[in-house]
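Dear colleague,

Here is the structure I promised to pass on to you.

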Amino acid sequence: MTENPYKTIIHDNICIHYFEAVSSTMDIARNMSRSNCPNNTVIIATHQHSGRGRMQRQWQSDCGGLYMTWVVRPQLNAKYCFAYTFTAALAIVHTLDQLFNITAQVKWPNDVLINTQKIAGILTETQCENNQFSFLNIGIGINVNNQVKSDTLHAISVQDLVHTHVDLDSFIQPLCNNLSNHFRNIRVDHVLKSWKVHNCTLGKMVRIVLIDRIIDGCAVDINQEGALIIALGNGQLETVTYGDCIVPGFKISSHEQ
Ligand code: BTN
């Protein structure tokens, strides 16, 4: 199926392509990245047939949610990929506060929560050569007006919080401004500092679910490469770079299946 944007807006060096239904904005972004689309190319879809979440999960993508992939072509060493995903999460936190006075928090590695309920998730896809990015595609799914309550208590939407329909365009514009401003000025030390201010992971007992094992312990810090440091029951520290992080009270939302 050929998918074409129904609208393209270029503003402040950001090029936003709006699509109706797509398989996944990640697929469109990957094709565009491989065809050398510029930095700050953004794909937004009304809904996705095959939305993807982390750890091979599906991302339910009904109309009313925000489904976006942002293509960046960073000059940073590829080990700092995390700085972009953390930055995207912080830009979402900032936008929710700015527009709706909603206080959200970031959960390692890439979630945005309201208390224990997930309001947004981030998925990144990269292509690198010699530790340099060819592209870094940041997929952002935000529950805005889409129904999440009926299927789970572990997800929440902006509409649930403000008790009224939210105009998506009025949300997208400031979000894109914030993402663009945050991406333009990335400094890893600043990102880590800000992430620590807004996180709900550190200081908590967590369970890290890896493909082949489970790690239980206290999340004590985040290192310079965005990995979570866990203090185990025996006093040893373990560094975790990947996996699901479950904090008490928070379950993997069935919104992601
Ligand atoms: C997660 O929390 O597991 C990450 C969810 C990421 C969902 C977004 S929606 C836009 C983009 N397209 C996708 O298929 N996935 C990401």
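**The ligand and its shell**

The residues of the shell around the ligand divide into 7 nonpolar, 9 polar and 5 charged. Please bear in mind throughout that this is a predicted model, and that what follows describes the model as it stands. Of the 21 residues around the ligand, those that come nearest are Ser24, Gln48, Arg52, Arg54 and Lys118. Of the 410 Å² of accessible area that the ligand has on its own, the protein covers 100%.

Which elements supply at least two residues each to this shell? They are the helix α1 (25–34) and the strands β4 (66–72), β7 (117–129) and β8 (132–142), and the largest share, 4 residues, comes from β7.

**The sheet of 8 strands**

Three of those elements, β4, β7 and β8, also belong to an open sheet of 8 strands, which has the order β1-β2-β3-β4-β8-β7-β6-β5 and mixed pairing. The strands at its edges are β1 (7–11) and β5 (105–107), and because each has a single partner strand, one side of each is left without a neighbour in the sheet. From one strand to the next the twist averages 20°.

Within this sheet, β4 and β8 run antiparallel and are joined by 7 bridges, with Tyr67 standing opposite Gly141 in β8. Helix α4 (residues 168–184) packs on the sheet, where it touches β1, β2 (14–22), β3 (41–48), β4 and β8, and its direction makes about 25° with that of β4.

**Two loops to look at**

Which peptide bond is cis, with omega near 0°? It is the bond from Trp108 to Pro109, and Pro109 is found in the loop between β5 and β6 (111–114). In the loop between β6 and β7 you will come to Asn115, which has a positive phi of about 55° although it is not a glycine.

**The sheet of 5 strands**

There is also an open sheet of 5 strands, in the order β12-β11-β10-β9-β13, and its pairing is antiparallel. Its edge strands, β12 (237–240) and β13 (244–246), each pair on one side only, and neighbouring strands of this sheet are turned by 45° against each other on average, when direction is ignored. Strand β9 (residues 205–209) and strand β10 (residues 214–222) pair in the antiparallel sense over 5 bridges, and the bridge partner of Val209 is Ile214 in β10.

With best wishes

Key: Residues are numbered from 1 along each chain as its sequence is written. This is a predicted model: local features need pLDDT of at least 70, side-chain atom pairs count only at pLDDT 80 or more; totals for chains, interfaces and linings use all residues. Side-chain values use heavy atoms; hydrogens and water are left out. A residue is near a molecule or strand if one of its heavy atoms lies within 4 Å of it. Accessible areas come from the Shrake-Rupley method with a 1.4 Å probe; for residues, only the protein chains shown count as cover. Ala, Val, Leu, Ile, Met, Phe, Trp, Tyr, Cys and Pro count as nonpolar, Asp, Glu, Lys and Arg as charged, and the others, Gly among them, as polar. Two strands pair if DSSP finds at least two bridges between them. Axes are lines fitted to C-alpha atoms, for helices over the stretch in contact, and angles run from 0 to 180 degrees between N-to-C directions. Contact means heavy atoms within 4.5 Å.
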